[in-house]
Amino acid sequence: MYDIILKKLAERETPIDVIVAGLGFMGFGFISSIKHTRGIRVPLIISRRPEESKKYLESNGFTTICESNPAKIADFVERGFICVSDDLGLIKSYPSHAVMEVTGTVAYGTEVALRAIAAGKHIITMNPELQATVGSELMALADKAGVVITDVTGDQPGSLARLIGQSKLMGFNVLLAGNMKRYLNYHAKQDEMQNWADDKGLSVRQTVSFTDGTKQSIEMTLVANYFGMDITQFGMRGPEVEEVQDVLKTFQWSKLPSGGIVDYVIGRKLFPGIFVVAEHPDANQQKYLRYLGLGEGPRYVLFEPYHLCHLEVAGTIAQVVMFGQPTINNSRHPLATTIAVAKTELKKGDVLDGIGGDTIYGKIDKISLASEFLPMGLAVGAVINHPLHQDQPIKLSDVTLPVNAATILAGLVKDPSAKE
């Protein structure tokens, strides 16, 4: 498949133009990597801080200019510039094949996605938080508009989608889809993670969301919803293991739901990768799988010890634009969600700081049991109505939600601009 994609990209008379919204750690990584991929081009970056983004790009060797006139942007692009603007209207007015949303936010990311869909453009997100929060509502709109909405290969959900697809193509039945985690602290705070974030070049919010398990719950929510998989308990089990193959000893496999589950393993020596536990219905394959080093069976661990984030995104873009195929999305009928849990004691009037903050963390739950609870992706800016204790799951009735594109799309607040 990759040789077909590379050939078709090389044969294009004009490149696939992708507007990028967001210039954080992953956004810049993608823009930097894509200049080495023939057939895909970034003509325009939408940024809420265009001057700052321009300076950052220039300091890293890019020729850039702040520009919001579509005709002038087209001229600058042909001269080798990347244009930067804060004008979301360009998503509609500047011609492109797709919009790449990598804002790392839910409310602003929703606004970007809504504009892309309204403009009849494919929306490619590197934002599981957005997908797992309002992805199903966005998908309903995208289907009506005849465009694709998808998250990417490179993030764990997209990489798991690829591994699950490969497993099924080889005839395996997937029992568990999971990722690997080295450390977990539900109550992690920004001040204690700041040095680690600085060392890795990440924002402290990203770092905290990894450490407190929120990011993992959100990512596995997306996998569960795309593949129709279940969980065994609130927040998943997350057994401790020495190496990933030890997961075979930790679940009662005969008692799992027929559609499989999502979960994770935790261990200091694990890779930052993904895995599936699968069995093969053909008994004749056991001798081959033993020969190939996968063990005695009847269950096997297939894993990738890495996911390469932005470096793998080009494949998703090509897949969407040239073949109309998504990598992974939240589906029209999700089965799981990630809800907000108090990270500390909360007082009336406290304002929740959202994913990667000091006030809450997220845990995956069955959507059938979670209708009363606050989705993690909608929590930022919510005001606490009465005191809550540490580790208390937060109900919608416990908060007053802010009015933004995401809370409106989710149907939890009224659109103030809507006519009665």
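The model is predicted, not solved by experiment.

**Looking for empty space**

Rolling a probe the size of a water molecule over the atoms shows where empty space is left. In this structure, the count comes to 2 cavities of 30 Å³ or more. The table lists the volume and the lining of each space.

| Space | Volume | Lining by class |
|---|---|---|
| Largest cavity | about 50 Å³ | 4 nonpolar, 5 polar, 1 charged |
| Second largest cavity | about 40 Å³ | 4 nonpolar, 4 polar, no charged |

Which residues line the largest cavity? They are L184, Y186, G213, Q216, S217, G235, M236, Y264, G362 and K363. Two elements, α11 (214–227) and β14 (360–366), each supply at least two residues of that lining.

Now turn to the second largest cavity. Around it you will find A132, T133, I218, T337, T338, P375, M376 and G377. Here the elements that give two or more residues are α7 (128–145) and β13 (336–342).

**A closer look at β13**

The strand β13 is worth a visit of its own. Is it enclosed or open to the outside? Of its 7 residues, 7 are buried, so β13 is largely enclosed by the rest of the structure. You can follow this on both faces of the strand: A336, T338, A340 and A342 are buried on one side, while T337, I339 and V341 are buried on the other. Two of these residues, T337 and T338, also belong to the lining of the second largest cavity.

What is the partner of β13 in this pairing, and how do the two strands run? The partner is β14, joined to β13 by 7 bridges, and the two run antiparallel. As one example to look up, A342 has I360 of β14 as its bridge partner.

Notes: Residues numbered from 1 in each chain as written. Predicted model: local features only at pLDDT ≥ 70, side-chain atom pairs only at ≥ 80, totals over all residues. Heavy atoms only, no water. 1 Å grid on protein atoms, 1.4 Å probe; cavity = no way out; pocket = protein on both sides within 12 Å on 5 of 7 lines; lining within 4 Å. Points joined across faces, edges and corners; volume = space filled by probe spheres on them. Helix = DSSP H or I, 4+ residues; strand = E, 2+ residues; numbered from the N terminus. Nonpolar A, V, L, I, M, F, W, Y, C, P; charged D, E, K, R; others polar. Buried < 20%, exposed > 50% of the residue type's maximum accessible area, 1.4 Å probe, protein only. Pairing = 2+ DSSP bridges.
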